[in-house]
Amino acid sequence: MLRFLARRLALAVPTLILASMIIFALQQLLPGDVATALTGEERDPQVIAFIREKYHLDEPLPVRYGYWAGGVLRGDLGDSIRLQKPVSELIVEKLPVTLELACLAMLVALAIGVPMGVLSAVKRGQTADTVANGIALWGLSVPNFWLGILLILLFSVELGWLPASGYVSPFESLSENLAAMVMPAFVLGNAIAAVMMRHTRAAMLGVLGSDYVRTARAKGVSPLRVTLRHALPNAAIPIITLGALEFGQLLSGAVLTEQVFSVPGFGKLMVDAVFNRDFATVQGVVICTAATYIALNLAADLLSAAVNPKLRRA
Amino acid sequence: MTKPLLDVRDLAVAFDTDGGAVHAVNGVSYTLREGETLGIVGESGSGKSVHVLAMLGLIPRPPGRITGGQVLFEGRDLLALKERELQKIRGGAIGFVFQDPMSSLNPGMTVAAQIVEPLRIHLGLDARGARARAKDLLDLVRIPNAAARLDQYPHEFSGGQRQRVMIAIGLSCRPKLLIADEATTALDVTVQAEIVALVQELKRELGMAIIWITHDLGVVAGISDTVQVMYAGRILERGPVDDIFADPRNAYTLGLLRSLPDLSGSRAGRRRLHQIEGAPPDMRHLPPGDPFAPRNAFATPRCRAEMPPLSQAHGAAPGHLVAAWYDLPKLLAAEAVR
């Protein structure tokens, strides 16, 4: 198990380097740089030249990458030129918000998607299956921002139960924090729940038709225990993998949903940074997201290994 | 005569498909005494596996459905029981050993967890007692170093050992009836022989009745008291094992026997391996008469029109039943003269 972990961690290093190079190079394709963005309408050539020199923008690309990568290795992600703040500070500020939203959304997705998928597989071809599939299709088809707006209309404007927008730190008031997060979490989780349901159903159908499920039934095991103890763990691997990927997606920021509910998370930070050519921030956020993705994939593999003993030796 | 352990009466099973109902089992009737070993032989699709799975509610429903009959086990009709009551019988009084030990054990559970389950459900043992019995069961099926292997997973066992584990599970609650469905088919020949020997030994120790389902006549000869030949969801012949082998009365049984390779060694005895011409019938549209008639060189016009009843064969040992309008020994004698 330790060797497995060490090997996977060693593999993560080149992946991260490659990701950082790609994002660094891709940004150069955008017209304009931070100097033009900062000077605004006036475009004073002297000011632009000054800014370019100060931030090494006049150096060749590999050199600039070198500066930046060297900083990252020392734990310095650079400064946001626009906000005049270290990028790491920005990330530390926004990450907990996105992390909380992602966790809550994932919770919603798992709580809805997995039981519904299991139910529809067990009741294949029956009414429950049709209803579950209908709900999933709905969940997949409804655009996030539209569902968000409708929820705000219902729960905030009409009923006045929940705040329409804003964010309160859970350390200030947990109840207010949850009240603010429940709608965005539901909107995000809803779409994932639909995918989750479909995958759970497919995986469960495969497993329920397997010989060892028949063996379990032939032993006199009750249908509930057959489903939960014999079938579900064996169907869990695709669900775990999908969950990790979706979670990674959530962590890189839910741009539209954060916008609709004015949640100050990664998505908003990233969008603002791109529009302002605030490359240091973009790079910092991307490298952070990439690292999270890798960590999540590793976690998913470890979890799969825990569920499936055969994988432990691989 | 005492009451039979298992009394199957006119059992019929069908599967609904897009192309119409597939009539997998068509009126199968037989009885099994306590302690008797019944070998059921037939090719794929003969209904040999499906009919035992159906008796215990183990076929997927839908698309499967039981279209008629009764199955009395110790006097109770299994087909009339609720799922909950069937659960008490499955794995308890009736144990199962399935084909392909690679896929029939749960890859995600330790062997101990899988053996312990029926012990806790049917015998009500506590965790410790069940574990101790699980170890005894692994000893019983001759798995060396049983205590250490309890916490291993199926993929850590060889094919033959997995089948031994399956047998341990099937026997765990001291069943009155053990149903072995192609239990040796997925194993190589030497391992097959070991498993057959093991089951015979365990039968002497435990005295349960066995239904041994296979397409391998050789295995049947070694293990059964009675043989039953099935084709297209019907029993075509049934009787004491020696009599069936020495004096087959149905052309299909004869075909199966002739398909066995002759390893007697004498050069003169060697011949090309026999093969039964044609293919099994379409189970959606069964012919009106004997289902084997289209492939049978001895078939009479009556065979094609009317299904012969399963009845005592003339001049054969008592209990040797055959479904045939023709008289096979007479036809064979005539053929030999020519």
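A:W161 is exposed, at 61% relative accessible area, where exposed means over 50%, buried under 20% and partly exposed in between (1.4 Å probe, protein chains only). Rings of Phe, Tyr and Trp (its six-membered ring) pair if their centres lie within 6.5 Å; planes under 30 degrees apart are stacked, over 60 edge-to-face, and the rest tilted.

This is a predicted model, in which local features need pLDDT of at least 70 and side-chain atom pairs count only at pLDDT 80 or more, while totals for chains, interfaces and linings use all residues. Residues are numbered from 1 along each chain as its sequence is written, chains are lettered from A in the order in which they are written, and side-chain values use heavy atoms, without hydrogens and water.

Over all chains there are eight aromatic pairs. One of them joins A:F24 and A:W68, tilted at 40° with 5.9 Å between centres. Because A:F24 lies in helix α1 (residues 2-27) and A:W68 in helix α4 (residues 61-73) of chain A, the pair ties together parts 44 residues apart in sequence; helices here are DSSP runs (H or I, at least four residues). A:F24 is buried at 6% relative accessibility, and A:W68 is buried too, at 11%. Ring pairs also bring in A:Y65, making a cluster with A:F24 and A:W68.

| Charge | Ring | Distance to ring centre |
|---|---|---|
| B:R149 | B:F157 | 4.1 Å |
| B:R302 | B:W325 | 3.5 Å |

Terms used. Helices (H or I, at least four residues) and strands (E, at least two) are DSSP runs, numbered from the N terminus. A charge sits over a ring if NZ of Lys or CZ of Arg is within 6 Å of the ring centre and within 35 degrees of the ring normal.
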